[in-house]
Structures are given as structure tokens and as C-alpha cells.
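Colleague: I have the sequence and the model open, and I would like to know what stands behind each label before I use it. Can we go through them one at a time?

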Amino acid sequence: MEFAELIKTPRVDGVVLHRPFMPTVEGTLCLTGHHLILSSRQDNTEELWLLHSNIDSIEKRFVGCLGSIIVKCKDLRVIQLDIPGMEECLNIASSIEVRRSPIPNPSPLSDR
């Protein structure tokens with residue numbers, strides 16, 4: 001089974017990215033089989049491409065109908081994604097958590 005089949009919400013608009021000492025970026029968050037991507041349609045704004053394998057841990061926070069995901073990376077970066085809609089936030093968080101856990105492959109030797 002491919003990870004892309006496990007993504008509950010592949011795209012969310014209106015996500016705000018917060019990073020220390022950097023300006024906030026509002027854009028579209030996309031989840032692929034290998035990356036978390038945040039892209040803004042504004043000029044001169046960089047995109048965030050984050051490999052799922054670089055994610056060390058995530059933390060979810062909720063205030064009203066706004067959800068936040070704190071992503072701690074293996075390279076010591078910490079980013080916060082403010083996601084409109086609690087359901088979308090929970091879906092994104094659970095999809096990232098599934099990706100962090102390896103999908104077990106059946107061993108051909110286990111049938112013997």
C-alpha cells in the first residue's frame with residue numbers, strides 16, 4: 001500500500017506558516033507521498049518542502065475552530081502550521097503520523 005492512499009486531506013488552503021525569525025507565510029498546504037509542501041501565491045515568497053522522513057515529532061493544538069500543528073524536525077527546525085478547520089487539522093496530523101510510522105511489508109518467509 002502506498003502512503004498516498006492513506007492521505008485523508010491532500011490539500012488545504014489558507015494555512016499560515018510560522019517559523020522563528022522569519023515572516024509568516026499564508027498559502028496552500030499539500031501532502032504527497034514523500035513531502036509536506038506549503039506554497040504561497042505571493043511574489044518573492046519561498047516555498048516550504050519538507051520530507052516526511054525529516055519530521056521528528058508533531059504536536060496538535062486547538063483554539064476554537066483553528067488548529068495548529070507544531071512540527072519538530074530532525075535538523076532542529078521547528079515550524080507551526082495554523083490550519084483553518086479542526087477536521088482538516090486532524091486529518092493532516094494523522095496523515096503525517098501515519099507516514100512517520102513505517103508501513104509493514106509482509107515477509108515472504110513468514111508463510112513458511
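Colleague: What makes Leu76 exposed?

Modeller: Its relative accessible area is 76%. Exposed means over 50%, buried under 20%, and partly exposed in between, with a 1.4 Å probe and protein chains only. Leu76 therefore counts as exposed.

Colleague: What sort of model is this, and how are the residues numbered?

Modeller: This is a predicted model in which local features need pLDDT of at least 70 and side-chain atom pairs count only at pLDDT 80 or more, while totals for chains, interfaces and linings use all residues. Residues are numbered from 1 along each chain as its sequence is written, and side-chain values use heavy atoms, with hydrogens and water left out.

Colleague: Where is Leu76 found?

Modeller: Leu76 sits in the loop between β6 (66-73) and β7 (78-84). Strands are DSSP runs of E with at least two residues, helices are runs of H or I with at least four, and both are numbered from the N terminus.

Colleague: What is said about the phi of Leu76?

Modeller: Phi of Leu76 is near 75 degrees, a positive value in a residue other than glycine. Most residues other than glycine have a negative phi. The hairpin of β6 and β7, where Leu76 takes this value, has 4 residues between the strands. In the hairpin of β5 and β6, with 2 residues between the strands, Gly64 has a positive phi near 65 degrees.

Colleague: What is the phi of Phe21, and why does Phe21 count as exposed?

Modeller: Phe21 is not a glycine, yet its phi is positive, at about 65 degrees. The residue lies in the loop between β1 (11-18) and β2 (25-31). Its relative accessibility is 87%, so Phe21 is classed as exposed.

Colleague: How many helices and strands are there in the protein?

Modeller: There are 1 helix and 7 strands, and along the sequence they follow the pattern β-β-β-β-β-β-β-α.

Colleague: In what order do the strands stand in the open sheet?

Modeller: The sheet has 7 strands in the order β4-β3-β2-β1-β7-β6-β5, with antiparallel pairing. Two strands pair if DSSP finds at least two bridges between them.

Colleague: Why are β4 and β5 said to stand at the edges?

Modeller: Each of β4 and β5 (55-63) has a single partner strand, so one side of each is left without a neighbour in the sheet. From one strand to the next, the twist averages 30 degrees; the angles run from 0 to 180 degrees between N-to-C directions of axes, which are lines fitted to C-alpha atoms, for helices over the stretch in contact.

Colleague: How many bridges join β5 to β6, and how many join β6 to β7?

Modeller: β5 and β6 run antiparallel with 8 bridges, and Phe62 has Gly67 as its bridge partner in β6. β6 and β7, also antiparallel, share 7 bridges, with Val71 standing opposite Ile79 in β7. On the other stretch of the sheet, 4 bridges join β2 to the antiparallel β3 (residues 35-39), and Thr28 stands opposite Ser39.

Colleague: What makes β6 mostly covered?

Modeller: Of its 8 residues, 6 are buried. For the protein, buried residues make up 36% of the 112 residues.

Colleague: Why is Ile83 called buried?

Modeller: Its relative accessible area is 0%, so Ile83 is buried. This residue of β7 is in contact, meaning heavy atoms within 4.5 Å, with residues including Val12, Leu29, Ile69 and Ile92, leaving aside neighbours within four places in sequence. Gly67 is 16 residues from Ile83 along the chain, yet their C-alpha atoms are separated by 5.2 Å.

Colleague: Why is Leu51 called partly exposed?

Modeller: Leu51 has 40% relative accessibility, so the residue counts as partly exposed. Leu51 is found in strand β4 (residues 48-51). Neighbours within four places aside, Leu51 is in contact with His34 and His35. Its C-alpha atom is 6.4 Å from that of Leu36, which lies 15 residues away along the chain.

Colleague: And Leu90: where does it lie, and why is it partly exposed?

Modeller: Leu90 is in helix α1 (residues 86-100). A relative accessible area of 38% makes Leu90 partly exposed.
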